[in-house]
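Work through the two exercises below with the sequence and the model side by side, and follow each solution step by step.

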Amino acid sequence: MRKLRYFFGGRLFPCALIFAASVGATVVLAVWLPRALAPVALAERLFSLIAALFIVCAKEPPEFKLSKIVLIVFLPWTGGILALVWLRRTPNANPPETINCLAESIEYFPVGKEMYERLLTDITNAEKFIWLEYYIVAHGAFFHALSEVLERKAKEGVDVRLLYDDFGCSFTLPKRFEKEQAKRGIKAYAVRRIRFPSRAANRRNHRKIAVIDGEIAYTGGINLADEYIGEKIRFGHWKDTAVRVTGAPASAFAKLLASDMPRALNLPEIKPQEGNIPCAVIADSAEDTQFRAGGAALCSLISAAEKSVWLFTPYLAPDTALLSALETAARAGKDVRIMIPHIPDKKFTFLITQSYAQEMTSAGVQIREYTAGFLHAKSVTCDGKRAFVSTYNLDFRSLYLQAECGLYAESEELANALERDFTASWEAGTPLKKASPLKRAVGAVLRLFAPLV
């Protein structure tokens, strides 16, 4: 009931009403008017043709164009309108910057509980600032314990800031959340606020970052909610991963987080000690751009593999480049493994994931399902030498639409820790079963809309 109360009292509900009314009106227009008025039907065909030409000429990946053309064919008026509304803007001329740096230390967390305990300790010892940015923040044991420490540190004069995605927290936080946190001395901000018309509901900030004093940073798949630390059972055991990094990458994450602040901000003086672990902080914004760093990094990592590449992902809907990289590596005799969930959190997305998984197994990619609960981890290990722990899912939304981030490291220690975790999950997992003809047909149809899900 609390989730519904937050939803109906929040910013998303009125936007949803307006959107539903506009879609309903266009559907009525699409169904009734063409039958009543032949000229309107002709106008609709001309409009659809013009919309299709705009889509074909747009600088978008082919998968996005196909999905929108299908919309135009199946939904008179409505499909053309939606296709034009979702048209990508002209991409930036330059690719986003990847920050190469040297880390002092990197610690891997195979479960959320371990990351939670370490994070609370680091926050308790903070002296200058504590900056947090998460897609989901939810009231519960995790956030309440965190909030108590944040309030205490704020009273000690530490700069405490909490950024959260407006859409991601529509069902988990009340509208008055920012005012409540301000009373505690915590500066809370909703990132990408939902308004109508707005792209914020579709282009979300999916980052998970914690930075303490510019010297310590955390990233990975873990949000500030109870299921991530085992305090709330949701779809069984919630499997997720994260990393803690010290040194230069921490200051890079601080700059990245500061870029999402709602106002201009001068960074405190940060002089991190550089170590000897080669790293790269990789990130993408939620703004339109065809040059996405995350997808390029994943393709490079997979293509550079000499022996093996193992991946955790909750959603599997790769674009052509990533799909080709994985299948090419497998056909070349490399050990390519992907772990996906067995228990879905979103049924339609799960069917798309299984459809892609069935196709990839025919190319030699080994795929198993995590049976203990829901797999939410987003980690890659390659040859026992390199690793990438991030917020990127292997789907179109993460690869093209959302603000994401991650840490790439050339570290045998990190890669081996991830390999041990992956091996344990793999051995306890279930081999992918062959899909029935009906399931394959449904999956094939849903894949037409994968870029829009």
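For the classes used below, Ala, Val, Leu, Ile, Met, Phe, Trp, Tyr, Cys and Pro count as nonpolar, Asp, Glu, Lys and Arg as charged, and the others, Gly among them, as polar. This is a predicted model, in which local features need pLDDT of at least 70 and side-chain atom pairs count only at pLDDT 80 or more, whereas totals for chains, interfaces and linings use all residues. Residues are numbered from 1 along each chain as its sequence is written, and side-chain values use heavy atoms, with hydrogens and water left out.

**Exercise 1.** Describe the lining of the largest cavity by class.

Step 1. A cavity is a set of points on a 1 Å grid over the protein atoms alone where a 1.4 Å probe fits but cannot get out, and its lining residues have an atom within 4 Å of a point. The largest cavity has a volume of about 150 Å³, the volume being the space filled by probe spheres set on the points, which are joined across faces, edges and corners.

Step 2. Of the 13 lining residues, R11, D166, C169, S170 and L173 are the closest to the centre of this cavity.

Step 3. The lining divides into eight nonpolar, two polar and three charged residues.

**Exercise 2.** Describe the lining of the second largest cavity by class.

Step 1. This cavity holds about 50 Å³ of space.

Step 2. Its lining consists of L298, L311, F312, T313, V380, F388, S390, Y392 and L394.

Step 3. Seven of these residues are nonpolar and two are polar, with no charged residues.

Definitions and conventions
On a 1 Å grid over the protein atoms alone, a cavity is a set of points where a 1.4 Å probe fits but cannot get out, and a pocket is an open set with protein on both sides within 12 Å along at least five of seven lines; lining residues have an atom within 4 Å of a point.
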